[in-house]
Amino acid sequence: MNNESIDDLTVHFEDDNGNVIVRELDKVVLSRGAWTTILFRYQDYRPKTDDYSPDKYSLRRYKKTAGVYRAQSKFNISSPEQAHKIIDALSAWLKDAEQDTTVSGQHSDEMIEELMSMD
């Protein structure tokens with residue numbers, strides 16, 4: 001796969017024998033263009049128990065250069081607790097923003113970069 005379109009971008013991974021090591025369950029494209037941001041939902045294969053992990057999440061940024069998307073950064077959400085903290089923080093910020101049309105603080109691109117640098 002040569003990652004020429006957003007549809008080509010995936011976390012799905014198979015080993016040389018065709019065994020699925022990372023199973024992609026879903027993806028949501030958060031932004032499109034030369035810089036693309038995607039939230040993935042996936043599971044890792046666990047050979048010791050011959051099953052897949054609980055759901056995991058990864059926020060990834062890609063940059064399109066010479067017609068091909070290349071991974072630039074990623075932030076893996078390490079636990080359901082961390083996912084809930086992110087949801088709670090964003091919900092609170094959005095509620096504040098809706099109540100006050102003059103939002104102070106970081107711009108959305110800066111917040112995404114900060115989240116991605118946490119990993």
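Guide: A salt bridge is a side-chain nitrogen of Lys or Arg within 4 Å of a carboxyl oxygen of Asp or Glu. The model is predicted, so that local features need pLDDT of at least 70 and side-chain atom pairs count only at pLDDT 80 or more, while totals for chains, interfaces and linings use all residues. Residues are numbered from 1 along each chain as its sequence is written, and side-chain values use heavy atoms, with hydrogens and water left out.

Visitor: Why is the pair of Glu 81 and Lys 85 called a salt bridge?

Guide: The side chains of Glu 81 and Lys 85 come to 3.7 Å, N to O, and because the limit is 4 Å, the pair qualifies. Both residues belong to helix α1, which covers residues 80–99, and they stand 4 residues apart, about one turn of the helix. Helices (H or I, at least four residues) and strands (E, at least two) are DSSP runs, numbered from the N terminus.

Visitor: What makes Glu 81 and Lys 85 exposed?

Guide: Exposed means over 50% relative accessible area, buried means under 20%, and partly exposed lies in between, with a 1.4 Å probe and protein chains only. Glu 81 has 53% relative accessibility, so it counts as exposed, and Lys 85, with 54%, is therefore exposed as well.

Visitor: What do Arg 41 and Asp 55 tie together, and how do you know that they form a salt bridge?

Guide: The closest N and O atoms of Arg 41 and Asp 55 are 2.6 Å apart, and the pair is counted as a salt bridge. Arg 41 sits in strand β3 and Asp 55 in the loop between β4 and β5, so the pair ties together parts that are 14 residues apart in sequence. With relative accessible areas of 36% for Arg 41 and 25% for Asp 55, each of these residues is partly exposed.

Visitor: Why is the pair of Lys 56 and Asp 44 said to tie parts together?

Guide: Lys 56 and Asp 44 form a salt bridge whose closest N and O atoms are 2.7 Å apart. Since Lys 56 lies in strand β5 and Asp 44 in strand β3, the pair ties together parts that are 12 residues apart in sequence. In the whole structure, a search finds 4 salt bridges.

Visitor: How do you know whether Lys 27 is buried, partly exposed or exposed?

Guide: Lys 27 has 22% relative accessibility and therefore counts as partly exposed. Lys 27 is found in strand β2, residues 20–31, and, with its neighbours within four places in sequence left aside, its contacts are Ile 6, Asp 7, Leu 9, Ile 38, Leu 39 and Phe 40.

Visitor: What makes a group of residues a nonpolar core, and which residues make up the largest one?

Guide: A nonpolar core is a set of buried Ala, Val, Leu, Ile, Met, Phe, Trp, Tyr and Cys residues joined through side-chain atoms within 4.5 Å. The largest here has 9 residues in all, namely Ile 6, Leu 9, Val 11, Val 22, Ile 38, Phe 40, Tyr 42, Tyr 62 and Tyr 69. Strand β3 gives the most to this core, with 3 residues. A second, separate core of 5 residues includes Leu 59, Phe 75, Ala 83 and Ile 86. In soluble globular proteins, nonpolar side chains tend to be buried together.

Visitor: How many helices and strands does the chain have, and in what order do the elements run?

Guide: The chain has 2 helices and 6 strands, and from the N terminus on its elements run β-β-β-β-β-β-α-α. Of its 119 residues, 20% count as buried.

Methods:
Contact = heavy atoms within 4.5 Å.
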